[in-house]
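Have the viewer open and follow along.

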Amino acid sequence: MTDAVGNGVGDRPESVPHNGQSVGDGLQSVSHTDSLEPILRLRGVGRRFGGVQAVRDVDLDVAPGERRAILGPNGAGKTTLFNLVAGDFPPTSGTIEVAGQDVTHLPARVRPKLGLARTYQKTRLFPGLSVVDNIVLALIGHDGVRLRAFPSRGDRARRARARLAAEQVWLGPKADALVRDLSHGEQRQLEVGMASAVEPRLMMLDEPASGLSRGERERLTELLVGLPADVTLILIEHDMDVALTVAGYVTMMHDGRKVVEGTPAEIRANQMVHEIYLGSRFHEEGE
Ligand SMILES: Nc1ncnc2c1ncn2[C@@H]1O[C@H](COP(=O)(O)OP(=O)(O)O)[C@@H](O)[C@H]1O
Ligand SMILES: [Mg+2]
């Protein structure tokens, strides 16, 4: 298994405050990302839904080019955190900055302009359309252009970009296949392709490995590891193997809080992580 150090990215910016228990013995590797302004900065972010405090007082700094995993059992608040960053709804407390801009109360549609792309935990593909058409629609959505009856030069350029994006996620041979004829793993690959086609600075993937077979998971892991080095990746993952292979740095959430942060090696060795995961496994068996 690949280790964090090998990635050369993803080390913690030195200013990150730790809310919970710190891991290891203060191992702070210095990387080129340390001097860079975080692409994502959360301060005291919380979100309440009626009586449920889904996210509590989260501080998070993600540096450009980092590969960050957000781990945690079901209900930990991971997806809510993504939705807050994506702007699906505002936080009930705290502030969110993307690329140095305070977006806390800005609508979701401005975030792609700041270079943010995300996928959803449940696939949102058009099953009756081809692989390329799905990517073209993602590009159109991102470029904010209107659909027209006759193809323009921009349309042809987008189609070419979409083909390239399909090849980059190893779907070149299936570029014209209908999405409903793809395997589950291929559909997840396509989602990564759609997110990366818009050339985001910050890509957020919500459980891309969920429901995949072992072989499909390995393939997806390889694909994520091979993403362009300048893309910042935040990956929510329930599957520890995928998360700890892809990520250079890991944030563990539990009960809405950020409880542990560390390198994959630190996370693997952390007792609290094991307890949280073992505890949750009893409830999730058979899912
Ligand atoms: N739109 C919503 N309305 C009400 N409760 C929600 C909503 N979204 C999430 N929650 C609740 O917030 C908590 C965290 O959920 P979620 O962010 O989906 O966790 P995770 O992605 O880590 O499994 C859960 O208790 C969930 O039921
Ligand atoms: Mg979730």
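In helix H3, the buried residues are Val131, Val132, Asn134, Ile135, Val136, Ala138 and Leu139; buried here means that 20 or more other C-beta atoms lie within 10 Å of the residue's own, exposed means 12 or fewer, partly exposed is in between, and C-beta atoms are placed from the backbone. This is a predicted model, where local features need pLDDT of at least 70, side-chain atom pairs count only at pLDDT 80 or more, and totals for chains, interfaces and linings use all residues. Residues are numbered from 1 along each chain as its sequence is written, while chains are lettered from A and ligands numbered from 1 in the order in which they are written.

**Helix H3**
- The cover over the buried residues of H3 includes helix H4 (153-168) and H5; helices (H or I, at least four residues) and strands (E, at least two) are DSSP runs, numbered from the N terminus.
- H3 (residues 131-143) has 13 residues, which at 1.5 Å a residue should span 18 Å, and its end C-alpha atoms agree at 19 Å apart; the expected span is 1.5 Å times one less than the number of residues.
- Just after H3 comes Gly144, with a positive phi of about 70 degrees.

**Helix H6**
- Arg217, Leu220, Thr221 and Leu224 are the buried residues of H6.
- They sit on the same side of H6 because their arc around the axis is only 105 degrees, taken from the directions from the helix axis to the C-beta atoms.
- On the face turned away from that buried side, H6 carries the exposed Gly215 and Glu222.
- Helix H5 (184-197), strand E8 (232-237) and helix H7 (240-246) are what the buried residues of H6 pack against, with a contact meaning C-beta atoms, placed from the backbone, within 7 Å.

**Around ligand 1**
- The shell is made of Phe49, Val52, Ala54, Gly72, Asn74, Gly75, Ala76, Gly77, Lys78, Thr79 and Thr80, each with its C-beta atom, placed from the backbone, within 6 Å of the ligand.
- Strand E2 (52-62) and helix H2 (78-86) are the elements giving two or more residues to this shell, and H2 has the largest share, 3 residues.

**Confidence**
- The chain averages a pLDDT (the predictor's confidence in each residue, from 0 to 100) of 84, and 83% of the residues score at least 70.
- Over residues 1-34, pLDDT stays under 50.

Definitions and conventions:
Contact = placed C-beta atoms within 7 Å.
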